[in-house]
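User: I would like to go through this model with you at the level of individual residues. Could you start with the ring criteria and then move to the contacts?

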Amino acid sequence: MNKFLVSLIISIISVIGLQAQQDPLYNLYGFNQVMINPAYAGLYKDVTLNLITRKQWVGIDGSPLTNFLSGTSSIDKRFGVGGMIITDQLGINLTTEIQAAFSFKLINKDGRVLALGVQGGYINYRYDYSKLNLEYVDDEDLDFSRTSFSKPNVGAGIFYKTDRLYFGVSAPRILNVEVNDGVTTSTRYQRHFYVSGGFIINNTFKSLARLRPSFLWRVMPEGNQALDLSLHASILETLWVGATYRNLSGVGIDGALQVSQRFRVGYAFELPTNSLISQNYGTHEISLMIEFSPLGSQQKVFRYF
């Protein structure tokens with residue numbers, strides 16, 4: 001096992017045993033922010049199913065693999081519901097999350113919507129210590145007897161949008177997760193706060209394309225934070241292309257194709273700009289989205305965000 005893999009495993013153990021785990025990262029959240037804000041559930045008058053698969057740092061053993069499946073729907077003009085299943089594999093740690101979301105829309109006029117949302121569910125944390133190749137197994141920071149535990153969590157958010165801009169604030173998992181192994185209490189998860197926003201620039205390139213600058217700011221209480229700055233272009237309301245600069249440590253490009261009125265497929269590629277760039281083949285993310293309107297009160301609309 002080379003020095004780089006040893007360092008990676010040590011880092012993973014530190015994250016699991018000593019520090020708070022972080023939320024999974026995504027690139028293709030621009031059209032489905034329910035993953036970070038429950039107020040987004042049912043924001044549009046249709047039913048949306050979304051599957052996202054993300055493999056980070058391809059070529060590095062134990063690098064993160066995240067799968068996200070969501071379903072959201074509007075109910076009448078005032079309410080929205082949603083559900084999410086998320087699996088996040090990082091080294092020896094597998095996190096499985098099931099959440100249900102509910103939103104209430106306070107304003108729904110002339111394309112303006114102000115939505116309040118809450119969510120709740122369970123998160124299961126599982127550790128497979130057989131994947132570790134340790135020279136010494138008497139590390140007091142490792143508790144091999146505790147391989148799985150589940151904890152409840154709740155979240156809340158607010159989301160405002162018009163036909164041309166949006167702004168959201170949320171904490172999708174409010175409760176810190178602490179575990180006592182009989183010797184010490186460690187924090188396995190610490191809440192994240194999200195602030196997002198963006199707007200559409202009209203009449204760009206004689207209406208052939210519209211630009212959408214946007215940002216996502218993620219903050220943790222102890223001071224860790226990340227900032228995504230993105231610029232996307234919608235070409236003939238069929239093809240989206242864009243780029244994201246993440247936290248001064250990574251740059252990504254992505255695209256989404258509206259294959260039909262109800263089916264959209266997206267792909268994102270990201271490279272770190274730090275020392276990891278020579279150690280992996282980048283981060284790859286695929287998104288499949290289906291939108292339909294089974295209820296008479298629902299309708300399919302084009303999404304800018």
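Analyst: Rings of Phe, Tyr and Trp (its six-membered ring) count as a pair if their centres lie within 6.5 Å; planes under 30 degrees apart are called stacked, over 60 edge-to-face, and the rest tilted. This is a predicted model, in which local features need pLDDT of at least 70 and side-chain atom pairs count only at pLDDT 80 or more, while totals for chains, interfaces and linings use all residues. Residues are numbered from 1 along each chain as its sequence is written, and side-chain values use heavy atoms, with hydrogens and water left out.

User: Which residues form one aromatic cluster?

Analyst: The cluster is formed by Y40, Y44, F159, Y166 and F305. By the ring rule, the count comes to 11 aromatic pairs. The rings of Y40 and F159 have their centres 5.4 Å apart and their planes at 85°, so this pair is edge-to-face. Y40 lies in the loop between α1 (3–17) and β1, and F159 in strand β6 (residues 148–161), so the pair ties together parts that are 119 residues apart in sequence. Helices (H or I, at least four residues) and strands (E, at least two) are DSSP runs, numbered from the N terminus.

User: Are Y40 and F159 buried or exposed?

Analyst: Both Y40 and F159 are buried. Buried means under 20% relative accessible area, exposed over 50%, and partly exposed in between (1.4 Å probe, protein chains only). Of the 305 residues in the chain, 46% are buried.

User: Switching to charges: how many salt bridges does the structure hold?

Analyst: The structure holds 9 salt bridges, a salt bridge being a side-chain nitrogen of Lys or Arg within 4 Å of a carboxyl oxygen of Asp or Glu. The side chains of D228 and R246 meet in one of them, at 2.8 Å from N to O. D228 lies in strand β13 and R246 in strand β14, so the pair ties together parts that are 18 residues apart in sequence. D228 is buried, with a relative accessible area of 3%, and R246 counts as buried at 7%.

User: What else does R246 pair with?

Analyst: R246 also forms a salt bridge with E270, the closest N and O atoms being 3.4 Å apart. E270 lies in strand β16 (residues 263–272) and R246 in strand β14, so this pair ties together parts that are 24 residues apart in sequence. E270 is buried too. R54, D228, R246, E270 and E285 are linked in a network of salt bridges.

User: And R303, which residue does it bridge to?

Analyst: R303 forms a salt bridge with E291, the closest N and O atoms being 2.9 Å apart. The pair links distant parts of the chain, with R303 in the segment after β17 and E291 in strand β17, 12 residues apart. Both R303 and E291 are buried.

User: How many strands are there, and how many helices?

Analyst: The chain has 17 strands and 1 helix. Strand β1 (residues 47–55) pairs with β2 in the antiparallel sense over 9 bridges, where two strands pair if DSSP finds at least two bridges between them. Within that pairing, I52 has F68 in β2 as its bridge partner. β1 also pairs with strand β17 (residues 283–292), again antiparallel and over 9 bridges, and L49 stands opposite I290 in β17.

User: Where is D76, and what is its phi?

Analyst: D76 is found in the loop between β2 (65–75) and β3 (79–90). D76 has a positive phi of about 60° although it is not a glycine. Its relative accessible area is 52%, so D76 is exposed.
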